[in-house]
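Here is a short tour for anyone who likes to see how the parts of a protein meet. Take a look at the structure below, and then we will walk through it together.

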Amino acid sequence: MNMYKWFSLLSTRQRSEMVTIMLITAIILSIGVVTNLPKEKTVSETFTTDMSISDIAPGLEVTGKGLARELVLPLDTPKKSPLNKLGISQEQLDHAVEHILSHRSTSLKYYVFAAIVLFGLAYLTRFGRPDNANISERKLWYPRIPYIMCLLAAVLVCGFVLGKSPNPMEGTVKVFKSMVGLYPSIISKLIALSFFVVLAVIGNKFICGWACPFGALQELIYSLGILCKPKQWKVPFWLTNTIRSGLFCVTLLFLFGIVGGREGSVIYHYLNPFNLFDLHFDHWLSLLTAVVSLTLGFFIYRPFCQFICPFGFISWITEKFSLYRVIIDKEKCTECGACIKACPLHAAKGKVESKVFPADCFSCSRCLNVCPVDAINYRSIWSKRQKINKESA
Ligand code: SF4
Ligand code: SF4
């Protein structure tokens, strides 16, 4: 019903823009399907323990060090020795191969990410708020259904259908793994990470808020109308960000061998909930991370993103440069607290208080239709504030 009312208030310009954006997203997806699916790589080789690391690694597109790490061998293990001479069983080799293959990227997914982000950004900036609605009708602005549809697409298509890779978290970690020689090309990993960072910068953390499959799953769980009372408690940002950034630093110290004395150890490997989308967990800790994150997600907003995810940390840093974002007009804001209450984090509070580094904003749109004086907009940093509609009667 609200959707119908919302749609009836859209101007002709907004309806045509909506159709245009849907056509463009359909074209992006079609290009992705046509140009990428036939090129997906397959591994036909059968790897045996008679072979050496040097024989096997190129077929898996990892370096000798990368394969050694998967086989739980020191990175300086002789790469020409047959694996059975190094004490590796066929079962261990099969397990390592399976894990490496699970990280192979499905390039189609980049197109799906881009399509979701484009649609979501157009929704927040162009047609979520009807031109023909006045401020007294603000509860009709930004209905949740388009957002929920995008989240479902992210979980189902970018998650379960296309598998766990690529995703922003692994995209971040793989750059650093390349630096210690676990992948042959750092350039390709940097390009993949840049793709996610660019999407996060264009629309404030948009890739996290709308398209990341594990982020979307947590968002859907949090959006369920249960356990409402505990949801009013928000974890202090200083705490979540200290844990998240601390974990990131500790991971780098272990990865580069500065702590632990063994280069190539990846803590995030044990905390990777994206394995859920392959329905295969290489370690019980990653299963535990997924279960705990999703369970806590009923009453804490995106716990994995807030406490653990390295891309969550990086995209929080880049928020300062985002081109489209929630902007509060300080001249109109009366500090009534409506947006602070609607926000599942301390992001709106930080914006109202003009903090230099407010908490992460996931562009979730909850605050965009609660302001009684129309002081909140989702807009570009260069545009003038949105023209106020007829004031409420
Ligand atoms: S912060 Fe959350 S939404 Fe963003 S990449 Fe990490 S898991 Fe996904
Ligand atoms: S409610 Fe909070 S997280 Fe969501 S868009 Fe508004 S400020 Fe950002």
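Which residues are around ligand 1? In this predicted model, the residues around ligand 1 are P168 and M169, then C208, C212, F214 and G215, and finally R302, F304, C305, C309, F311 and G312. Four helices each supply at least two residues of this shell: helix 8 (168–179), helix 11 (213–223), helix 15 (303–307) and helix 16.

Helix 16 also brings us to a helix pair. The axes of helix 9 (residues 186–202) and helix 16 (residues 310–318) come within 9 Å and cross at roughly 45 degrees, which means that helix 9 is oblique to helix 16. The crossing of these two helices is right-handed. On the helix 9 side, F196, V197, A200 and V201 take part, and they meet F311, I314, S315 and T318 in helix 16.

Now for the domains. Domain 1 covers 2–37 + 106–318, while domain 2 covers 53–102. Their C-alpha centres lie 32 Å apart, and the contact takes ten residues from domain 1 and nine residues from domain 2.

How are the residues of these sites split by class? The table sets them side by side.

| Site | Nonpolar | Polar | Charged |
|---|---|---|---|
| Shell around ligand 1 | nine residues | two residues | one residue |
| Contact of helix 9 with helix 16 | six residues | two residues | no residues |

Key
Residues numbered from 1 in each chain as written. Chains lettered and ligands numbered in written order. Predicted model: local features only at pLDDT ≥ 70, side-chain atom pairs only at ≥ 80, totals over all residues. Domains from an automatic or database assignment. Contact = placed C-beta atoms within 7 Å. Axes fitted to C-alpha atoms, helices over the stretch in contact; angles between N-to-C directions. Parallel < 35°, antiparallel > 145°, perpendicular 65-115°, else oblique. Left-handed = near helix turned anticlockwise from the far one by under 90°. Nonpolar A, V, L, I, M, F, W, Y, C, P; charged D, E, K, R; others polar. Near = placed C-beta within 6 Å.
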